[in-house]
Amino acid sequence: MRTWHKLSLAAATAAATATALAEPADAREQLRLVGSSTVYPFASYVVEEFGATTQYPTPVIESTGSGGGLKLFCAGDGTDTPDITNASRPIKVSEYDRCQDNGVDNITQAVIGSDGIVLANTANAQRFELTLEQITRAVAAEVPQNGELVENPNEYWDDIDSSLPHNEILIYGPPTTSGTRDAFEGMVMEAASEEMGYDGAYTKIRQDGAYVPAGENDNLIVEKLVQNTEALGIFGYSFLAENRDRIQATRINGVEPTPETIAAGDYPVSRSLYFYIKNGHAGKVPGLYDYVELFLSEKMIGDMGYLKDEGLIPLPAGRREQIRQSVLNQEQLTRLEVKTLNQ
Amino acid sequence: MAANLQAEKRIRQRYRREQRFKALCIGAITLAILFIFVFFADIIQRGYTAFYQAQIQVEVTYDERSLEIPAAAVSEEVRPLVSRGFLRQVPGHVQSDPDLKGRTVTRWVTADTGVNQYLKDAHTGLSPQEKATVDKLHEAGRIEFAFNTNFFTRGDSKMPEMAGIKSAVVGTILTLAVTMAVAFPLGLMSAVYLEEFATDNRFTRFIEVNINNLAAVPSILYGLLGLAIFINFLGVPRSSALAGGLTLALMTLPIIIISTRAALRAVPDSIREGAFGVGASRLQMVTHHVLPLSLPGILTGSIIGMAQAMGETAPLLLVGMMAFIPSAPDGVTEPATVLPAQIFTWASMPQRAFDELTAAGILVLLAVLLTLNATAVLLRKRFERRW
């Protein structure tokens, strides 16, 4: 019986402490970041460095995906919304308008570097050489044949081109929620579909089992490739860099993905990585622009920067300087710029 | 005679059936044990290497230059082999101990993840030249394996050699404290009311069915509920242990109610009648007699509910606890993460060195869960009374 009394007392105290600690958090000490899972490894590196080397507390970063991040970011201007969102694609016009409607009218855009999307298979098999058209023929739901769209009949790579191996087409790639998939559809399928005889841009991926959406975990795709020598996988460059002993990258349009070819834009499936800053929070949340300055510094995104080891592909030096200038001057992103970015 | 023979045949058939059924059951158990064995062997084999880590003995120079550029604190030969997490702290060392300034100190420091991976025969990004240096220093006894204290004393990091579970463990403790502080009293009182005070009518039966249903609702739905109520409506800070704890409390509540009711029901009515017989009120009957007797059962159920909450990730994803937390939270309103979320984050990291950390994290989580469940069994064994 005594135990019972003690126990209820302990529970009551615990409940009381929990409520007492739950004060409203109006003024925020820490920066809050959300956004792309592709940018997450780089941004969290900077977050950690920022917390360890400045007097500011470590910012809180969540990986929500590019679209999810922009949704939270554009929800309002109050301090309960994030200060920065990371994105593996430029902000869309619709998202920009949503921001404006909700009072987030002063945004600055920063480009941090490039990322390549690679197609890879196990290092124990023959290396693939593909064109954008061949990839599209392998993954599209429908392909043009004699001026008509028919259901994709290709089962083996040599159905597409007799010079390709007689391997079953099996591609592990990102699911529909992923920014990497958006980018893949845009840079491979859209880019190839005009010339192939589709009626405009075509981005529908087949669902008959040849393309396997493998979840957001790229390590899983790498594991699958090691087990299945016929399979190809689609993921970000940093996973290729970390697993070079096990997998090899496909040459696309004759170009192999290397930091140089991706940075120069020679490799056709490369994209820029961004983050967006809410300037309305500049005076309200301490350290916002100190963080931005650290992220854009040479020791992070430069040719010898730390993020290079993490798989980020640096921009050319001139462009870096230019971006640093405009971002640190808090240059406002206009609707016109957003439109041009999305073309 | 013939009938007798037939009967014997039937008996033999029945025995054979029994034997077959027994064999199948043993087969099922063997399979289950095999699965568990393979799972444990695999995780242990992947994870045990994370508990030791390479250290390197270097001369650290604390001069003007190394305060400016921390990497200059060690010689060029070993610079790529020393963890950047250590070099970053060099100016901080001098700040906390000004006597160090201008001196050169020989000390053992955490080696870079590349050294670790190379000595553990895993894939590494070290150049052949750096590998040669590692071999040389290893032979000279200047690179050695030591217990990986970072894993237990530090929070998450982008540098695998610096990453640890401390912030996740503290986050888990805070979150579960909130969960139990809310779910235990609420669950207990609901169960006591339903079992001891309420009359058995349509309304209470309706509630009972609903509680049983709630226990089977997929946990992600509780996450959505938590996001809508606690964060968007009540303004509880996102990613905080408070938000996560309250969400998990919603999920644990039905489990506690159900197990508490079962424990109360196990107390025979003769005890209740005895209490009434000597003039006890209903409240006295409950607090003096029924509750003390059913306490072991209640605690067992609560501990099992807690263990379930501890392994949960899906609802916490929605309230923002899948975050990067390098330093342990100080209170329940600060951003925090929990062990399973930490494991999930590590599993999706590109660096190969996080493989072993993921497995080691799983081992720690399993150890804690086993301890919790063992406590529950022990409590039941020691204090349970049968009538």
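This is a predicted model: local features need pLDDT of at least 70, side-chain atom pairs count only at pLDDT 80 or more; totals for chains, interfaces and linings use all residues.
Figure 1. The angle about the S-S bond is -75°, which makes the link of A:Cys74 and A:Cys99 left-handed. Distant parts of the chain are linked by this pair, since A:Cys74 is placed in the loop between α3 (66-73) and β3 (84-87) of chain A while A:Cys99 belongs to helix α4 (residues 93-101) of chain A, 25 residues apart.

**Figure 2. The tilted aromatic pair of A:Tyr45 and A:Tyr306.** Over all chains, a search of the whole structure finds 16 aromatic pairs. In the pair shown here, the rings of A:Tyr45 and A:Tyr306 are 6.1 Å apart from centre to centre, with 40° between their planes, and the arrangement is tilted. Because A:Tyr45 lies in helix α2 (residues 40-53) of chain A and A:Tyr306 in helix α13 (residues 306-309) of chain A, the pair ties together parts that are 261 residues apart in sequence. A:Tyr45 is buried, with a relative accessible area of 4%, whereas A:Tyr306 is partly exposed, at 24% relative accessibility.

**Figure 3. The edge-to-face aromatic pair of A:Phe50 and A:Tyr291.** Here the ring centres of A:Phe50 and A:Tyr291 lie 5.7 Å apart and the angle between the planes is 90°, so that the pair, with planes over 60 degrees apart, counts as edge-to-face. A:Phe50 lies in helix α2 of chain A and A:Tyr291 in helix α11 (residues 288-296) of chain A, and the pair therefore ties together parts that are 241 residues apart in sequence. Both partners are buried: A:Phe50 has a relative accessible area of 1%, and A:Tyr291 has a relative accessibility of 0%.

Figure 4. Within chain B, B:Lys158 lies over the face of B:Phe324, at 5.1 Å from the ring centre. One aromatic cluster is formed by B:Phe51, B:Phe147, B:Phe151, B:Phe152, B:Trp346 and B:Phe354.

**Figure 5. The largest cavity and its lining in chain B.** The count comes to two cavities of 30 Å³ or more, and about 70 Å³ of space lies in the largest cavity. Its lining is made up of B:Gln53, B:Thr113, B:Asn116, B:Gln117, B:Lys120, B:Asn148, B:Pro160, B:Glu161, B:Ala353, B:Glu356 and B:Leu357. The elements that give two or more residues to this lining are α5 (113-119) and α16 (354-383) of chain B, and the largest share, three residues, comes from α5(B).

**Figure 6. The two assigned domains of chain B.** According to the domain assignment, chain B holds domain 1 (54-148) and domain 2 (166-383). Between domain 1 of chain B and domain 2 of chain B, the C-alpha centres lie 45 Å apart.

How values were computed. Residues are numbered from 1 along each chain as its sequence is written. Chains are lettered from A and ligands numbered from 1 in the order in which they are written. Side-chain values use heavy atoms; hydrogens and water are left out. Rings of Phe, Tyr and Trp (its six-membered ring) pair if their centres lie within 6.5 Å; planes under 30 degrees apart count as stacked, over 60 as edge-to-face and the rest as tilted. Helices (H or I, at least four residues) and strands (E, at least two) are DSSP runs, numbered from the N terminus. Buried means under 20% relative accessible area, exposed over 50%, partly exposed in between (1.4 Å probe, protein chains only). A charge sits over a ring if NZ of Lys or CZ of Arg is within 6 Å of the ring centre and within 35 degrees of the ring normal. A disulfide is a pair of cysteine sulfur atoms within 2.5 Å. Domain bounds come from an automatic or database domain assignment. On a 1 Å grid over the protein atoms alone, a cavity is a set of points where a 1.4 Å probe fits but cannot get out, and a pocket is an open set with protein on both sides within 12 Å along at least five of seven lines; lining residues have an atom within 4 Å of a point. Grid points are joined across faces, edges and corners, and a volume is the space filled by probe spheres set on the points.
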